[in-house]
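Please look over the sequence and the model shown below before reading on.

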Amino acid sequence: MNSYLIISIIAIAVYTIFNIYVGIGKAYSKSEVSTARGYFIGNGTGMFVIYFTTMASFFSTWVFMGAPASYYQHGVGWLASMAWMLLNVWYMSKFGTKLWRMSKANNYITPAELVSDYYGSKKIKYIIAIFLLVYSIPNIIAQMSAIGTAFSTISNGTLPYWSGVIYTAIVIGVYVFFGGYKSQAWVDTAQGILFVVVLWVAVIVMYFTCGYHGFGEMFDKLQTIDANKLLFSNEGSWPFSKWLSYTIVMGTGGYFAPYVWQRMYAAKNGKMVKKMAGSLGIMYSIIVVLPICLCGLGAAALIPNTTNADSVVVAVMNQYSPVMAIIVVIAIIAAAMSTVSSILVSCSSMLAMDIFKTLRPNSDTLKCRNAGRFFVLLLLIISMIMSFSNNSGIALLVNTSYAGYAQMMIVAFCIFFCKKATKAGVFTGYIVGNVTCLLLTQFCPWVHGFSAGLIGLVSNIIVTIVISMVTKPINLSRREEILNPLNEKEMSAIQTS
Amino acid sequence: MQNKKGLKYTIIFILYWIIVIAPYWISGINRITPKIFGIPFIICYYVFFTILGCLNLYFMNKNVTRSYDKDD
């Protein structure tokens, strides 16, 4: 066994022990997981943890793989991600505290609970839960597959792909099964900090220790290799239509993903959500996205002809700093695990609260929690099995997931800001939007340069408006009653009491 | 009053979007030189205006967004 492999295995072991220590040793609380709410969204998460768990859940392996690969292959077009990060945070400003208040007042745990309560329909709860599950579960599978690949990369093939997949299922299974959301959020926080620090260290290693002395020399080299990579162009791989599609779909879907939506419910108070919305912009767009840009473009200057663009950051590190390559792979595993665990808790909550509890309304909170734990195990086993098969359907659903999540924006917008929207309009629009996304992604993913996701979102808006014009809107007094926790009188009544 | 303030920040947010899509059509912005600390102009342009966009969101949250807490 060579020294590189021994260091890799030690690094994985240390990382695993650290995760279990944080998730079970520090975060686990028996009283916290004794109720369904505590198990799925906690009993009020503090600022530091809610901030980093929201960040870590949102960013997955694409931080080290897909995004640098895009800069590497196509140049600066991916800077669009800065704009979609701000759109994501803008949504948080508009919806975040409202979602928090509604959950606090009515004990909502899942997005579908709020929507079905507002429209008074169980069918709606099923429809939304099923669509969100259909988009989320394939993401667990995709991230588990990425970890399997990372294991194989870190050990030069000695640790097989399947060992990474099984490792992920066991480690995440342990702390999520016992500790639920709280353990997951604490581990997420540690993982989030880890991968952001590693990103910046990777930038320093690339620009200052790989034979160049700073940004100037590196960008001069890239300019001589391919200056077009440093310019925007409507003729290249990132035309404006693609910029717009990505910015709207990723920005919207990134916020309305159920695991981010539920972070709003999980905050200890509204001020935290407000503070988070005020400061996450700089975290997302500068502290995370800027080093991704520098890594991708730096790699394009250092190793311009690699065939596997997805692992270009690891390839550069392998060539110039093998120990750093191990740390980068650990960070990739951390980024993937944080997303898997968040989606896992979110999916188990939707299965337990939206499906199980709706079918068995007499189930008490402990039964729902136990159902949640059962679904955690079930989802892990299914995802593990699916990770071993090469199913193109999974790739389709992963590619559509953000576009699918984005459809929830119209639903949420109609609840809080549009009293003329009708139940029929909103739900026909939601279904049409989702079906359009799925069909177009499968058969024609780009129409005149615009993505299937954007077209799905636009079709959702059009159908919602048209059907709302010819159907009966929700009763105004009922609307006021449901949204009562947000009105001034209710707020002052709470204050007085 | 709240709505007017909110509108102001929303308009600035839309302006931010116009600024960051401008390089597609304005070649004077879509350029590599001058480099700032060795980083191409277009990247610095994006980073600079994104920081301003973040400040806009920060002040929007501070001044307009309601927390819906008891003391808000």
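## Salt bridges

In this predicted model, A:Asp220 pairs with B:Lys35 in a salt bridge, in which the closest N and O atoms are 2.5 Å apart. Across the interface of chain B and chain A the rule finds one salt bridge, while the structure holds two salt bridges over all chains. Side chains of opposite charge can pair when their charged atoms come close.

A salt bridge also joins the side chains of A:Arg263 and A:Asp188, with a distance of 3.6 Å from N to O. This pair links distant parts of the chain, since A:Arg263 belongs to helix 11 of chain A and A:Asp188 to helix 8 of chain A, and the two residues are 75 residues apart.

## The contact between chain B and chain A

The contact draws 37 residues from chain B and 51 residues from chain A. Between the two chains an area of about 4,000 Å² is buried, and carbon and sulfur atoms give 69% of that area. On the side of chain B, the residues that lose the most area to chain A are B:Trp17, B:Tyr24 and B:Tyr68, which together make up 20% of what that side buries.

Between chain B and chain A, twelve residue pairs are in polar contact, counting pairs with both residues at pLDDT 80 or more. Helix 1 and helix 2 (41-63) of chain B each supply at least two residues of the side of chain B that touches chain A, and helix 2 of chain B gives the most to that side, with 13 residues. Sorted by class, the residues of the side of chain B that touches chain A comprise 22 nonpolar, eight polar and seven charged.

## The second largest pocket

Which residues lie nearest the centre of the second largest pocket? They are A:Lys98, A:Phe416, A:Phe417, B:Asn3 and B:Tyr68, from a lining of 27 residues. The space in the second largest pocket amounts to about 990 Å³. B:Tyr68, named here in the lining, is also one of the residues of chain B that lose the most area to chain A.

At least two residues of this lining come from each of helix 5 (80-106), helix 17 (408-417) and helix 20 (476-482) of chain A, and from helix 1 (2-21) of chain B. Helix 5 of chain A gives the most, with seven residues. The lining of the second largest pocket has 13 nonpolar, eight polar and six charged residues.

## The cavity

Rolling a probe the size of a water molecule over the atoms shows where empty space is left. By the rule used here, there is one cavity of 30 Å³ or more, and the volume of the largest cavity is about 40 Å³. Among the residues that line the largest cavity are A:Phe40, A:Tyr181, A:Tyr259, A:Arg263 and A:Ser342; A:Arg263 is also a partner in the salt bridge with A:Asp188.

Helix 2 (36-41), helix 8 (161-208), helix 11 (258-266) and helix 14 (322-359) of chain A each supply at least two residues of the lining of the largest cavity. By class, this lining has five nonpolar residues, four polar and one charged.

## Backbone details

Most residues other than glycine have a negative phi, and most peptide bonds are trans. In chain B, a cis peptide bond joins B:Thr33 and B:Pro34, with omega at about -5°, and B:Pro34 is found in the loop between helix 1 and helix 2 of chain B.

In chain A, A:Asn107 has a positive phi of about 60°, although A:Asn107 is not a glycine. A:Asn107 lies in the loop between helix 5 and helix 6 (111-119) of chain A.

Terms used
Residues are numbered from 1 along each chain as its sequence is written. Chains are lettered from A and ligands numbered from 1 in the order in which they are written. This is a predicted model: local features need pLDDT of at least 70, side-chain atom pairs count only at pLDDT 80 or more; totals for chains, interfaces and linings use all residues. Side-chain values use heavy atoms; hydrogens and water are left out. On a 1 Å grid over the protein atoms alone, a cavity is a set of points where a 1.4 Å probe fits but cannot get out, and a pocket is an open set with protein on both sides within 12 Å along at least five of seven lines; lining residues have an atom within 4 Å of a point. Grid points are joined across faces, edges and corners, and a volume is the space filled by probe spheres set on the points. Helices (H or I, at least four residues) and strands (E, at least two) are DSSP runs, numbered from the N terminus. Ala, Val, Leu, Ile, Met, Phe, Trp, Tyr, Cys and Pro count as nonpolar, Asp, Glu, Lys and Arg as charged, and the others, Gly among them, as polar. Contact means heavy atoms within 4.5 Å. Buried area is the accessible area (1.4 Å probe) that two parts lose on being put together, summed over both. A salt bridge is a side-chain nitrogen of Lys or Arg within 4 Å of a carboxyl oxygen of Asp or Glu. A polar contact is a pair of N or O atoms within 3.5 Å; within protein, one must be able to donate a hydrogen and the other to accept it, and residues adjacent in sequence count only if both atoms are side-chain atoms.
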